[in-house]
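Please look over the sequence and the model first.

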Amino acid sequence: MVETKRTLIFIDEKTFPIYKKLMKSKYFKNNLHLFTCAVLVGKFIIKHSKSIDKKKDYIRINDNRNDDNLTILKCLAISDEGKVNILNNEDELFEYCEKYANLGIHEIYNWYKDPECKFNQKLAEVLLGFWEYIDVNSLKNI
């Protein structure tokens, strides 16, 4: 049973214009898809996280409870934290994700605005590379 239930995923208010620009592109299905990509880039490319200075509502969790991207975020947090109990505290779970997205979104935006970078190729290459880090099969019995 979830002890602490969250209703929203937040982003830093300063990064909201970046999210809006990227969502106008054809590369992301929805806000959660972009947010998940930002978390993965923050975690595996930048390898660092940063707390949010001023929170801005970005994603309603209840509208996305069955989305595969939410499952990816949960698996990542379990894998990284080494404890399944993180699922019982959604504040801790989503704060973990928000911190990585806070830096990852800047890297994605740098690729997007770089005229030398083939953005769709770069994004596909990077995202496919993440599967070597996340062993989803090992988490199926959890």
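## Helices α2 and α3

The model is predicted. Two packed helices are described by the angle between their axes and the distance between the axes. For helix α2 (residues 31-46) and helix α3 (residues 68-81), the axes come within 9 Å and cross at roughly 25 degrees. Angles under 35 degrees count as roughly parallel, so α2 and α3 are roughly parallel to each other. Their crossing is left-handed.

On the α2 side, the residues that meet α3 include Leu-32, Phe-35, Val-39 and Phe-44. Among the α3 residues they meet are Leu-70, Ile-72, Leu-73 and Leu-76. By class, this contact has nine nonpolar, three polar and two charged residues.

## The largest nonpolar core

In soluble globular proteins, nonpolar side chains tend to be buried together. Here the largest nonpolar core has 39 residues, and Tyr-19, Phe-35 and Ile-108 have the most contacts inside it. At least two residues each come from β1 (8-12), α1 (16-23), α2, β2 (55-60), α3, α4 (90-113) and α5 (119-129). Helix α4 gives the most, with ten residues.

Ile-105 lies in helix α4. Its relative accessible area is 0%, so Ile-105 is buried. Ile-105 and Cys-37 are 68 residues apart in sequence, and their C-alpha atoms are 8.0 Å apart in space.

Notes: Residues are numbered from 1 along each chain as its sequence is written. This is a predicted model: local features need pLDDT of at least 70, side-chain atom pairs count only at pLDDT 80 or more; totals for chains, interfaces and linings use all residues. Side-chain values use heavy atoms; hydrogens and water are left out. Axes are lines fitted to C-alpha atoms, for helices over the stretch in contact, and angles run from 0 to 180 degrees between N-to-C directions. Helices (H or I, at least four residues) and strands (E, at least two) are DSSP runs, numbered from the N terminus. Angles under 35 degrees count as roughly parallel, over 145 as roughly antiparallel, 65 to 115 as roughly perpendicular and the rest as oblique. A crossing is left-handed if the near helix is turned anticlockwise from the far one by less than a right angle, and right-handed if clockwise. Contact means heavy atoms within 4.5 Å. Ala, Val, Leu, Ile, Met, Phe, Trp, Tyr, Cys and Pro count as nonpolar, Asp, Glu, Lys and Arg as charged, and the others, Gly among them, as polar. A nonpolar core is a set of buried Ala, Val, Leu, Ile, Met, Phe, Trp, Tyr and Cys residues joined through side-chain atoms within 4.5 Å. Buried means under 20% relative accessible area, exposed over 50%, partly exposed in between (1.4 Å probe, protein chains only).
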